[in-house]
Each structure stands twice: as C-alpha cells, then as structure tokens.
Amino acid sequence: MTASIEILQPSCTGCGACVSSCPFGAISLVDGTASVSEACTLCGACESSCPFSAILLRRRSVEEAGASGWTGTMVYAEQRDGSVDRSALELLGAASRLSEAEGGPVTAVLLTADGSEGCRTLIRHGAERIYLVEDPALGHYCTEPSARLLLRIIRQAKPAVVLAAATTTGRDLMPRVAKLLDTGLTADCTGLEYDTEKDSLLQTRPAFGGNIMATIICEHTRPQMATVRPRVMKALEADEARQGEIVRVEPLPGELETRARMKEFIPVEEGIADISEARVIVSGGRGMKSPENFALLTEIAGLLGGSVGASRAAVDSGWMPYPHQVGQTGKTVQPGIYLACGISGAVQHRVGMQSSDRIIAVNRDASAPIFGFCDEGFVADIFEILPALAREIRRRRG
Amino acid sequence: MRILVAIKQVPDTAEVRIDPDRGTLVRDGVPSIMNPFDAYALEEGLRWRDALGGEVIAVTMGPPQAEAILREAVSMGVDAAILLSDRAFAGADTWATSHTLAAAVRKLGGVDLVITGKQAIDGDTAQTGPGIAASLNWPQITFVGRVRSLDATAIVAERDVEGGVEVVECPLPVVLTVLKDANVPRMPSLRGKMKARTAEIPRWGRTDLGLEEKDTGLEGSPTRVVRIATPESRPGGTIHTGTAEDLAVKLADILLGEEGKA
C-alpha cells in the first residue's frame with residue numbers, strides 16, 4: 001500500500017491549522033513547521049485544512065493496484081435451518097441502494113443443501129444474479145468449504161463490494177476470506193454509502209466501545225468487504241415481478257473437505273430464547289439484588305413474549321448465565337422494546353442496547369445515567385412496580 | 001503441547017472521552033489494560049497446559065509499553081512471552097496484525113494451538129483470530145464457549161452461535177477464539193508476580209519475522225480510517241414519577257401499546 005504524506009517545507013508557514021485538523025493528534029509543530037508522527041493514518045483531513053497547500057498526500061490509485069474492473073455488490077446469503085436468513089434480505093436491500101451509486105449488479109452467493117426456495121426468496125428481494133452451490137454437505141455452515149467456495153466465486157465474479165451479516169457465521173467466514181484475498185474487511189458496519197467520486201465504499205461502524213463512529217474505506221484493493229450488523233439495513237419489499245439469473249457452481253474436488261467438523265448441534269433450550277433475536281427484552285442489573293428476583297423479570301418477559309437480559313454486574317454476581325449478558329463483553333441487541341430494570345446504564349451496557357427501538361428504564365435512583373438516554377424513564381422501586389406491572393398486564397389480558 | 005496465546009493492550013474504553021469541540025478521542029489519562037477477553041484466552045491455555053504438560057507462550061504486537069500486559073501474563077503463569085514491536089508495525093489493521101502474528105507462530109514452530117480472545121474491546125472486530133488461521137492455512141473454531149476435550153492430536157469445542165451450540169471436532173493445529181463463558185481466569189500468584197518482574201521478554205521486529213515492509217503496519221493495511229465522529233446521542237426521554245401502582249399502569253400502557261402495533 002504505497003502511500004505517503006509530505007510537508008512541503010518552503011510553503012509551510014507553521015500556522016498550525018493542520019495540527020488542530022488532525023483526528024489522530026499526529027501533527028505537531030517542530031522548529032516552526034509541521035511534523036507528522038507515526039500516528040498518522042494518511043486520512044487526508046489535514047490536506048484540505050492547509051491554507052498554503054503545503055501538505056502533499058500521495059495515494060496509490062486503484063488502477064495502479066490492479067483493482068480496476070471490479071464491479072457490483074455481492075451478498076453472502078446466510079442460511080439458518082435450511083432457509084435464507086432475514087439478514088441476507090437486509091443486505092440485498094443495502095446492496096440495491098449501493099448499486100444505484102456504484103452501478104454494478106446486485107448478486108448473491110447461496111451455499112446450501114437445497115437452494116430452490118432460497119433462490120426464489122433472494123430474487124424477490126432484489127438479487128439479480130445468484131451464484132448457487134448445492135450439496136448435501138452444505139446443509140449447515142462450515143468454515144473451510146464455505147471460505148473456499150466464496151473465495152473462488154469472488155475471484156471469478158469480481159464484485160466491487162462483498163457484504164455478509166455480522167453474525168457468528170459472517171464474522172467467522174469473512175475475515176478468513178478477506179485475508180486470503182489480501183483485501184480489507186470492516187467489521188459490524190451500521191452505515192454504508194458509496195462515494196462515486198473516490199470510487200470507495202464508506203463503511204461506518206462503532207468503535208471504542210461505541211464511544212465513536214469510525215468511517216473506514218478500503219482504497220486500493222478489491223473487493224471492499226464488510227460485515228453488517230443485523231437489523232440495521234432495510235430489506236426491499238418482496239416483489240414477485242423481479243427477475244434473476246441463477247448461476248450454478250459445482251464444487252471442485254477437495255473443496256468441500258474440512259478439518260473442523262460439526263458433530264452435533266444443540267439448539268438453545270426452550271424458554272431461554274436467544275436474546276440477540278428477541279423482539280422484547282426485559283433486562284436486570286445490580287438493582288435486582290438476587291438471582292431469585294430474576295423470576296420477576298422472567299414472568300414479565302413471558303407475559304410480553306420476550307427474553308430476559310442481564311447486565312455484566314448481574315452476570316458476574318452469578319444471578320444470570322453469560323448468554324444473557326447485554327453489553328460490550330456480552331451481546332449487542334436491537335429489540336423493539338428494551339425494558340431495563342435496576343440497570344444504571346454504564347457505557348459498557350449502553351453500547352450493547354442503545355440501538356433498541358425503544359428503551360424503557362426502571363430505577364429507584366433518579367440520577368442513574370440510564371435516564372439520560374432512555375425513551376421512557378420510571379423512577380420507582382423495582383420490587384414495587386414490577387409485581388404491580390405483572391398484575392396490570394394480566395388484568396388487561398383478562 | 002505448545003500453546004500460543006495472542007493478546008492485545010487496549011485503552012480502557014469505559015474511560016475514553018470525546019473532545020466535544022474537535023470530535024476527537026481524548027486518550028490522555030486513559031489507562032491501558034489487557035483486553036478483557038484475553039484473560040479467558042490465557043486461562044484456557046494455562047488450564048490445558050496444567051492438564052497435559054507443555055508450555056504456554058503469550059505474544060502481543062504493540063508499542064514497547066505493551067510489554068506490561070506480557071508481564072501480567074507471566075504473573076498468571078505463562079512460560080514465555082514475546083513482544084512483537086517495530087515502528088514498521090504501527091498503524092496495522094486486522095489484515096496486517098494477523099499477518100504479523102502468524103509470522104510469529106511460524107517462527108516459533110511446533111505450535112499446536114493458537115488461542116485469542118473473541119475480540120478486542122477497542123476495535124470489536126473479532127477478525128484477527130480467523131486472519132491468523134487463514135495466514136497459516138489452519139482450521140479455526142471461533143466463538144468458543146467451552147473446550148470439551150483436548151489431547152495431543154485433536155480438540156472438541158463448543159461454539160456459541162445464533163440459535164444454539166455447535167459441537168466441533170478438529171485435529172490440531174487449530175486457532176480458537178474464546179468467549180467469557182470458557183473459564184474463570186486465575187489471579188496472579190505471588191510467585192508469578194515475582195517472576196514477572198524479572199522475566200526476560202524478547203522483542204521481535206519486522207526483519208526477525210522475515211516480513212516485508214509492504215505487508216506490515218500501515219503499509220500492509222488495506223483499510224484506512226477516514227473520519228471519526230461522535231455518535232448521535234439519544235436524547236433523554238420522558239421521566240415518570242409517582243406511586244408504584246400509577247407507574248405500573250403507565251408502563252403497561254407503553255409496553256402493551258407497542259406490542260399491539262407490532
């Protein structure tokens with residue numbers, strides 16, 4: 001990635017405009033002129049800030065890097081229980097919007113045991129071409145065969161952009177493929193835009209525990225790869241009139257072989273619905289005081305058809321098992337309703353649930369940080385309001 | 001059994017603040033810590049070494065001060081620690097980081113198992129583990145909640161995925177990324193702490209690893225951050241106070257109203 005930054009000495013007046021423009025604190029004034037440290041990421045923010053055009057950024061062009069000729073947006077269509085996962089339809093929606101700016105086709109890759117239904121679903125939701133690999137061995141996701149097949153399809157189809165969901169599957173598969181393609185991958189994006197002028201995908205994602213939003217580009221190598229957070233992008237309405245082409249790809253000898261082999265799949269227990277999928281989450285924190293009190297939350301979650309979440313404090317105290325933990329070191333959730341009970345709202349928790357459609361907080365402490373970012377706050381003793389709430393819901397349901 | 005655990009020094013993201021005027025990160029005074037997930041990676045390595053014999057080697061890529069987390073790893077009981085540090089490594093994204101760590105695995109030789117934490121809390125990418133596996137052409141088992149068994153030739157581990165648990169069997173060598181579920185990390189022992197103070201920590205640079213400049217650090221990183229911004233803050237909502245009974249009625253209105261719409 002040959003690129004460099006140079007301060008043109010005769011032009012630099014040491015005015016310091018670039019120093020304050022640098023997002024990374026990489027420029028300082030040394031002996032009256034600007035000096036760039038190794039913290040520089042060559043982002044170019046300083047280039048336009050200089051009133052004297054004394055900063056010269058050299059970037060290798062896509063043509064020089066041999067990255068021209070790649071076009072279109074490809075979606076890796078994840079399947080779950082033999083059906084195309086909803087996340088794939090969201091990605092097709094995002095791909096359709098990107099293709100308006102990028103210009104290339106919207107394609108999908110489906111690796112499956114039986115693709116007839118899946119192909120129909122993908123076409124209805126905007127896939128113009130589907131690369132389909134059908135084999136009984138592809139009934140359940142497996143890293144090595146999926147990586148080999150996706151790698152070969154990408155090399156042949158040459159898409160400008162490849163998207164997958166930021167699920168355990170997408171986050172297992174994409175880094176392996178991106179490394180082998182010697183290209184960039186941006187994790188867990190929440191925003192995608194195509195900059196036609198720079199011919200670059202602008203990939204926006206939370207970083208530093210959600211404290212900042214970083215926009216990342218992959219300038220010189222193709223494809224530009226991203227995993228995208230589920231439930232952020234909007235799927236297109238299904239349309240029976242859409243047409244799509246199916247390109248069958250036959251696995252090559254050895255391509256389906258794997259060293260890591262799944263022996264067994266244990267579905268999550270009944271009643272402990274996976275919180276990352278839940279539409280309603282009733283979550284408890286330190287304020288719940290004991291594991292027994294989580295029964296209150298389970299009861300309310302049951303009445304609302306939701307799942308039970310927990311803060312790190314509650315999990316570390318052993319009140320709830322780790323799969324229920326919401327937050328930076330737990331899961332990121334985006335339910336329709338997040339009911340936070342006895343949770344103060346520390347940054348680590350907030351980053352795991354702030355994308356919920358509606359956040360409702362119940363806390364005895366009116367100064368708890370959670371009241372600063374919830375939609376509805378109830379200053380109350382959880383041990384009084386929750387039993388009353390359960391009674392009220394039952395009463396209305398008759 | 002030779003186990004390599006790759007760890008990372010990160011800013012304590014709970015302490016990171018944004019300069020509201022410039023929209024930049026204020027790093028001053030933010031403590032650097034060992035990535036919390038890495039303690040589970042270290043413990044997983046240590047407990048299998050304790051059971052099977054062999055050694056655990058902690059490796060980090062970072063600036064010279066990243067040595068601090070290697071000493072912490074020594075105090076927990078690792079047998080050796082190596083610092084990958086070179087000006088040429090600065091500015092690495094996950095491609096260049098995994099490329100560099102994989103080179104260390106090759107240089108050490110005879111490694112049966114590489115373990116990393118699920119992800120680091122500064123970038124939250126979870127990409128370095130699979131990147132190492134790809135570089136080495138090893139299999140990978142990511143998001144491991146429990147290692148069921150390990151012997152000289154094979155491993156059985158549970159992956160926590162959407163909707164359930166995959167039980168995966170794999171011959172060695174393999175790269176694992178572990179979740180907090182996997183174990184309870186041990187506290188440093190007094191003897192470990194003493195050992196940590198004096199432990200020799202070799203420092204390997206780019207040429208030691210036989211890497212080209214174009215494949216490390218900023219030069220070797222396909223991605224580039226072009227903008228950082230403060231996330232749109234969620235405005236505070238309506239705050240309700242009153243008796244528990246009244247509040248419960250209001251809360252039910254909100255909960256059931258929303259439910260009715262869906």
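H5(A) passes H6(A) in a right-handed crossing, where a crossing is right-handed if the near helix is turned clockwise from the far one by less than a right angle, and left-handed if anticlockwise. Before I go further, this is a predicted model, in which local features need pLDDT of at least 70 and side-chain atom pairs count only at pLDDT 80 or more, while totals for chains, interfaces and linings use all residues. Residues are numbered from 1 along each chain as its sequence is written, and chains are lettered from A and ligands numbered from 1 in the order in which they are written.

Back to the two helices: H5 covers residues 143-157 of chain A and H6 covers residues 168-180 of chain A, and they pack at an angle of about 50 degrees with their axes 9 Å apart. Helices and strands here are DSSP runs (H or I of at least four residues for helices, E of at least two for strands), numbered from the N terminus, and axes are lines fitted to C-alpha atoms, for helices over the stretch in contact, with angles running from 0 to 180 degrees between N-to-C directions. H5(A) and H6(A) are therefore oblique to each other, given that angles under 35 degrees count as roughly parallel, over 145 as roughly antiparallel, 65 to 115 as roughly perpendicular and the rest as oblique. On the H5(A) side the contact is made by Thr143(A), Ser146(A), Ala147(A), Leu150(A) and Leu151(A), and on the H6(A) side by Asp172(A), Leu173(A), Arg176(A), Val177(A) and Leu180(A), contact being defined by C-beta atoms, placed from the backbone, that lie within 7 Å. By class, these residues are six nonpolar, two polar and two charged, where Ala, Val, Leu, Ile, Met, Phe, Trp, Tyr, Cys and Pro count as nonpolar, Asp, Glu, Lys and Arg as charged, and the others, Gly among them, as polar.

H7 (residues 294-304) and H10 (residues 382-397) of chain A have axes that come within 10 Å and cross at roughly 25 degrees, which makes H7(A) roughly parallel to H10(A). H7(A) passes H10(A) in a left-handed crossing. Here Leu296(A), Glu299(A), Ile300(A) and Leu303(A) of H7(A) meet Leu386(A), Pro387(A), Leu389(A), Ala390(A) and Ile393(A) of H10(A), and the residues of this contact divide into eight nonpolar, no polar and one charged.

Now to the contact between the chains, which takes 86 residues from chain A and 81 residues from chain B.

Four of them form an open antiparallel sheet in the order S12(A)-S13(A)-S14(A)-S14(B), two strands being paired if DSSP finds at least two bridges between them. S12 (191-195) of chain A and S14 (223-229) of chain B stand at the edges, each with a single partner strand, so one side of each is left without a neighbour in the sheet. The twist averages 30 degrees from one strand to the next. Within this sheet, S13(A) and S14(A) pair over five bridges, and Thr204(A) stands opposite Thr215(A). Elsewhere, three bridges join S22 (residues 376-379) of chain A to S15 (residues 238-240) of chain B, which run parallel, with Glu376(A) partnered by Thr238(B).

Finally, the backbone details. Most residues other than glycine have a negative phi, and most peptide bonds are trans. Asp31(A), however, has a positive phi of about 50 degrees, and with 6 C-beta neighbours inside 10 Å it counts as exposed. A cis peptide bond joins Arg222(A) and Pro223(A), with omega about 0 degrees, and another cis bond joins Leu172(B) and Pro173(B).

Key
Contact = placed C-beta atoms within 7 Å. Buried ≥ 20, exposed ≤ 12 C-beta atoms within 10 Å, placed from the backbone.
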